[in-house]
Amino acid sequence: MKYKIDNIKKVEYNEVLNIWEASVRATHHFLKEEDIQYFKPLILNTYLDAVELKCVRNEENKIIGFLGVADQNLEMLFIHPNYRGKQIGKTLLNFSIKKMNVKKVDVNEQNDQAVGFYKKYGFEITSRSELDPSGKPYPTLHMELRN
């Protein structure tokens, strides 16, 4: 299936937040419940406005996956769990590289699937931080696209 990349409107932020939460619960098993609750208002009220957002929609025009980019850095890429394995992540990542000039991504070290995904598409680990950007004890891998 060929997916069309679309823009996200501010009125759709709650829909985006729901996808973020569903995706995180399906893939970020290392996070504590209080961490998810800590990040939700930050995602909704701060992080979504700090990036250029793009999405893929299903046949009913509902967002099923999205990304956010700032300064050539892929800040977020989340796919609804019901749509994983359908090339949506690949489609969004390729778009971000070709059209948004993405060169870097930071990934939670414990998220093996994401680390493997980015390695498969040419990113390599360049450094590691012991804490995530919020100062929480989740090591972060800094990855860059190989030329």
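Predicted model: local features only at pLDDT ≥ 70, side-chain atom pairs only at ≥ 80, totals over all residues.
**Group meeting: rings, sheet and helices**

Residues are numbered from 1 along each chain as its sequence is written, and side-chain values use heavy atoms, with hydrogens and water left out.

Staying with the rings, there are seven aromatic pairs in the structure, a pair being two rings of Phe, Tyr or Trp (the six-membered ring, for Trp) whose centres lie within 6.5 Å, with planes under 30 degrees apart called stacked, over 60 edge-to-face and the rest tilted. Phe39 pairs with Tyr38: the ring centres are 5.1 Å apart and the planes stand at 80 degrees, so this pair is edge-to-face. Tyr38, at 37% relative accessibility, is partly exposed. Over the face of Tyr38 lies Lys136, at 4.2 Å from the ring centre; the criterion for such a charge is that NZ of Lys or CZ of Arg is within 6 Å of the ring centre and within 35 degrees of the ring normal. Another edge-to-face pair is Tyr118 with Phe123, at 5.7 Å centre to centre and 80 degrees between the planes. Tyr118 is buried at 6% relative accessibility, and Phe123 is buried as well, with a relative accessible area of 1%. Both belong to a cluster in which ring pairs link Phe117, Tyr118, Tyr121 and Phe123.

Now the sheet. In what order do the seven strands of the open sheet stand? The order is β1-β2-β3-β4-β5-β7-β6, with mixed pairing; strands pair if DSSP finds at least two bridges between them, and both strands (E, at least two residues) and helices (H or I, at least four) are DSSP runs numbered from the N terminus. At the edges stand β1 (5-7) and β6 (123-129), each with a single partner strand, so one side of each has no neighbour in the sheet. From one strand to the next, the twist averages 30 degrees. As a reminder, strands of a sheet pair through backbone hydrogen bonds, either parallel or antiparallel.

Walking across the sheet, β2 (residues 52-57) runs antiparallel to β3, with six bridges, and Glu52 has Val69 as its bridge partner in β3. The two strands form a hairpin with five residues between them, and Asn61 in that turn has a positive phi of about 70 degrees. Six bridges then join β3 (residues 63-70) to β4 in an antiparallel arrangement, including Ala70 with Asn73 and Leu67 with Leu77. This hairpin has two residues between its strands, and Asp71 in the turn has a positive phi of about 50 degrees. Six of the seven residues of β4 are buried, so β4 too is largely enclosed by the rest of the structure. Between β4 and β5 there are two bridges, and these strands run parallel, with Leu74 opposite Val105. Strands β5 (residues 104-108) and β7 (residues 140-145) are antiparallel and joined by five bridges, and Lys104 stands opposite Glu144.

What about the helices? Helix α4 (residues 112-120) lies across β4, β5, β6 and β7, at about 155 degrees to β5, where axes are lines fitted to C-alpha atoms, for helices over the stretch in contact, and angles run from 0 to 180 degrees between N-to-C directions. In helix α2 (residues 33-47), the buried residues are Asp35, Ile36, Phe39 and Ile43, and their cover includes α1 (13-27).

Ser96 is buried, at 0% relative accessibility, and a polar atom of the Ser96 side chain lies 2.7 Å from the backbone oxygen of Leu93.

Technical notes. Contact = heavy atoms within 4.5 Å. Buried < 20%, exposed > 50% of the residue type's maximum accessible area, 1.4 Å probe, protein only. Polar contact = N/O pair within 3.5 Å; in protein donor to acceptor, adjacent residues only side chain to side chain.
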